[in-house]
Amino acid sequence: MSAPTTTAGDAPPMTHRQTLEALSGLLLVLFVAMLSGTVVSTALPKIIGALDGSQIQYTWVVTATLLTATATTPIWGKLADLFNKKLLVQIAIVVFLVGSVIAGFSQNAEQLIAARAFQGIGVGGLQALVQVAIAAMIPPRERGRYNGYLGGVMAVATVGGPLLGGLIVDTSWLGWRWCFFVGVPVAAIALVLLQLTLRLPTVRRENVKIDYLGASLIAAGVSVLLIWISFVDGSFAWLSWQTAAMVGGAVVLLALAVLVESRAEEPVIPLKLVRQRTTALAILGSLAVGMAMFGGAVFLGQYFQIGRGYSPTEAGLLTIPMMAGVLGSSIVVGRLITKTGKIKPYIVIGAVVLVIGFGLLGTIDHETSLVLVGAAMLIVGVGVGMTMQNLVLAVQNTVSLRDIGAASSTVAFFRSLGGTIGVSVLGAVLARQVTDQITTDLTAAGIPASASAGSGSLNVEAMPEMVQQIVRAAYGDATGHIFIISAVIAVVGVIAALLLRPVPLRTSLDLPDAGTPTAAVADGREAADRGADADGREASLRR
């Protein structure tokens with residue numbers, strides 16, 4: 001494969017003003033990607049109820065997007081190391097737009113799940129490529145401050161999304177379909193804005209080979225595992241031939257994926273990067289954060305609506321403390337990182353705070369004070385704001401610019417994978433506990449366990465008053481149990497953060513290669529510093 005070259009017609013390096021203009025477009029893209037998930041969070045109980053779906057389908061509407069986003073993220077990242085980053089961002093936006101429109105016209109839960117899966121392909125591109133484009137414009141030391149802006153956009157999208165979704169489903173002349181249509185004009189504006197403002201060098205290589213086989217094996221292995229998690233202990237037993245077939249098949253597929261990745265010329269997940277200590281620990285931390293954050297936060301809207309009986313709009317308002325924590329901590333910590341050049345202390349503190357927050361949420365039930373619930377959500381938000389983006393930054397600081405796409409997308413891949421597994425596992429646990437509790441309580445009350453009440457149906461308003469109370473209590477009490485699991489998972493993130501090396505953030509876009517003038521100057525400065533230190537020690541001894 002020939003060495004990468006830069007086209008002669010590429011624009012010169014971007015000025016500070018051009019960087020800010022392009023950043024505005026990238027932040028808008030990130031806002032659209034975040035909005036696609038958050039606008040549905042509080043509306044999903046109403047949506048699944050209107051489509052007469054079940055708790056398992058509720059989980060898979062979220063899991064389908066996360067799964068395809070996870071599978072395609074490393075492919076988008078590898079493409080970013082080979083082709084025009086700007087064009088790839090625009091393609092991802094178009095895929096996202098098409099998926100949003102299809103989801104809006106879905107007629108049943110199965111169609112909605114399929115549309116969300118297609119939409120996830122675009123989301124996977126956006127979540128990887130925005131980070132890659134920013135890394136190609138801004139040095140790691142300065143990127144800490146801009147990560148605060150990223151966190152702010154995430155917080156606004158996560159706060160505004162649930163509120164917007166709640167208002168849409170509570171407004172009779174709009175309806176739930178506009179939860180998917182609402183992001184279309186925003187994405188279109190972002191598409192035009194990036195065309196006008198984003199200028200990045202175009203890297204071209206001949207005989208490009210993308211490891212589609214490795215990506216397919218990874219996607220297939222993860223999919224089989226998630227399908228098993230969703231149906232085990234419900235449709236079949238833990239110890240059964242179905243379990244053996246699915247788990248064994250997933251292990252074989254993932255083992256083949258590792259073998260393919262180790263031999264591919266252009267692997268979607270470069271094992272040389274994964275073997276690096278910082279990258280490996282950031283991956284482990286991202287897995288834990290993704291499992292805890294996505295897996296826990298997805299069910300908060302369901303807790304407030306089904307477990308506590310609030311409307312979608314009210315549920316959106318009640319999630320504000322978590323997003324306020326994300327917004328405040330990401331901005332403050334981002335500026336502190338830029339000022340000090342240190343990143344490990346903030347990741348460690350954030351990981352510990354995340355465990356504390358989920359531990360507090362693990363104590364809630366259907367009668368817990370909203371003040372306590374809000375305080376716990378605020379603490380969780382602070383932990384997320386201090387860890388999620390900074391784990392990516394820690395990896396970006398250790399790799400060269402030519403590998404920035406693969407490195408960024410690898411961390412995003414495992415974070416999304418953790419979120420996918422977290423949503424599936426916690427959703428399966430929640431569905432099982434809710435079903436058992438509803439059946440037990442209905443039997444104790446002398447009410448027949450009807451199919452709608454005992455199977456996890458989310459159309460609660462169509463149930464008799466007594467059954468509604470039992471269903472709400474079951475959901476409210478079971479939600480606390482899944483947050484305990486989230487807290488245990490988040491402990492892994494603390495361990496990974498403690499093992500990170502305290503490496504200062506570099507001030508250059510790229511790593512200085514050996515033999516380059518930049519490296520020579522750096523070596524000269526280091527030698528001079530060592531010489532000065534030695535002279536100082538000798539003079540001190542003479543005195």
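Modeller: I102 is partly exposed, with a relative accessible area of 43%; partly exposed lies between buried, under 20%, and exposed, over 50% (1.4 Å probe, protein chains only). This is a predicted model, in which local features need pLDDT of at least 70 and side-chain atom pairs 80 or more, while totals for chains, interfaces and linings use all residues. Residues are numbered from 1 along each chain as its sequence is written, and side-chain values use heavy atoms, without hydrogens and water.

Colleague: Where is I102 found?

Modeller: I102 sits in helix α4; helices are DSSP runs of H or I of at least four residues, numbered from the N terminus.

Colleague: Which residue of α4 lies 8.8 Å from Q195, C-alpha to C-alpha?

Modeller: That is L87, 108 residues from Q195 along the chain. L87 is also in α4 and is partly exposed, at 46% relative accessible area.

Colleague: Turning to α8, which of its residues are buried?

Modeller: G183, A187, A190, L194 and T197 are buried in α8. Seen down the axis, the buried residues of α8 fall within an arc of 105 degrees, so they line one face of the helix; the arc is taken from the directions from the axis to the C-beta atoms.

Colleague: And what is exposed on the other side of α8?

Modeller: I189, V192 and L196 are exposed there.

Colleague: What span should α8 have?

Modeller: The 15 residues of α8 (residues 183-197) should span 21 Å at 1.5 Å a residue, the expected span being 1.5 Å times one less than the number of residues. The end C-alpha atoms of α8 are 21 Å apart, which agrees.

Notes:
Helices (H or I, at least four residues) and strands (E, at least two) are DSSP runs, numbered from the N terminus.
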